[in-house]
Amino acid sequence: MSTAAPGRPVRPSVAARVLRRTADDTALRPYRRFALTPYSPTIGAEVEGVDLAAPLAPEVLAELKRALLEWKVLFFREQRLDAASHTAFARHWGVPEVHPFLPKAALPEVVRLAHDEAQPGVENVWHSDVSFAPAPPLGSVLRAVELPEVGGDTLWADMAAAYDGLPERVRERLAGLRAVHDFLRSFGLLMPPAERERQRALHPPVEHPVVRTHPETGRELIYVNRVFTDRIVGLPEGESAELLDLLQAQAAHPEYQCRFRWAPGSVAFWDNRITQHYAVSDYFPAPRVMERVTITGDRPR
Ligand SMILES: [Fe+2]
């Protein structure tokens, strides 16, 4: 039965969208040290059979590193991390960093993201973490501390699949473009003027390529986001805003996304270089408390 209104035909079928999970999908190997369940064809997989608080055997760690590159976000259930073991797990990927602005938990490397009726959730804008830094984080490990009964899910978007999905004429237009990322667009808005000036001196605006190449997989991906990206260098203001809007809108396509429903003990670990995320703010006035450790990354190229 057709659902089209009279006189308004449904668009006939268009060319199938081909989603690539990796640069070379033929090279995939199975995982032998844990069970892995994909959440979508290109992004997100749940890992079963790994205790993140225990020492990790080199073979397990090697497979987790491969899985993070392949699936971009890994989910773990029923974990029992505290600030120390959370940080220790992140350290397998690099040096945990101290966030310049967000409140801290039991260790300076652990950010505490707490929302309740006094502080509604504000992370419901597509972004990658700390892209205003010259070398933004490799990844973030987020664990649930206190959750609403329902709601407060997080979504992630695969920005390489999103780049692949752009029309060719748009991809050609992006070659060589750079964009300015600036903390003043978000954290800076809440600071008193004197503090803003002080932080501005410590964190000047930075330029990153609009299309970044992932340093480990070689995938090209969209590297602008709605929270921190201010403008595209060298374009008139209107043209820059229009192009940024088009690129940032790519994260909102469900075809490039996965969605995670948190439970007590849940942990999500994402590759912050190739993904963006969005924390659904649908649980007000219930509390939602999360703790996050981010791992130092490299300069986007
Ligand atoms: Fe974030």
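Below we talk through a metal site, some ring pairs and charges over rings.

Modeller: Gladly! This is a predicted model, where local features need pLDDT of at least 70, side-chain atom pairs count only at pLDDT 80 or more, and totals for chains, interfaces and linings use all residues. Residues are numbered from 1 along each chain as its sequence is written, and side-chain values use heavy atoms, with hydrogens and water left out.

Colleague: Which residues coordinate the iron ion?

Modeller: Donors are N, O and S atoms within 2.8 Å of the metal (3.2 Å for Na, K and Ca); water is not among the atoms, so sites may look incomplete. Here His 127 (NE2), Asp 129 (OD) and His 277 (NE2) coordinate the iron ion at 2.1 to 2.2 Å. Their spacing in sequence is H-x1-D-x147-H.

Colleague: Is Asp 129 buried or exposed?

Modeller: Buried means under 20% relative accessible area, exposed over 50%, partly exposed in between (1.4 Å probe, protein chains only). Asp 129 is buried, at 3%, and His 127 is buried at 9%.

Colleague: How many aromatic pairs are there?

Modeller: Rings of Phe, Tyr and Trp (its six-membered ring) pair if their centres lie within 6.5 Å; planes under 30 degrees apart are stacked, over 60 edge-to-face, and the rest tilted. The count is 19 aromatic pairs. Phe 89 and Trp 93 have ring centres 5.2 Å apart and planes at 55°, so this pair is tilted.

Colleague: What lies over the face of Trp 93?

Modeller: A charge sits over a ring if NZ of Lys or CZ of Arg is within 6 Å of the ring centre and within 35 degrees of the ring normal. Lys 65 lies over Trp 93, at 5.6 Å from the ring centre.
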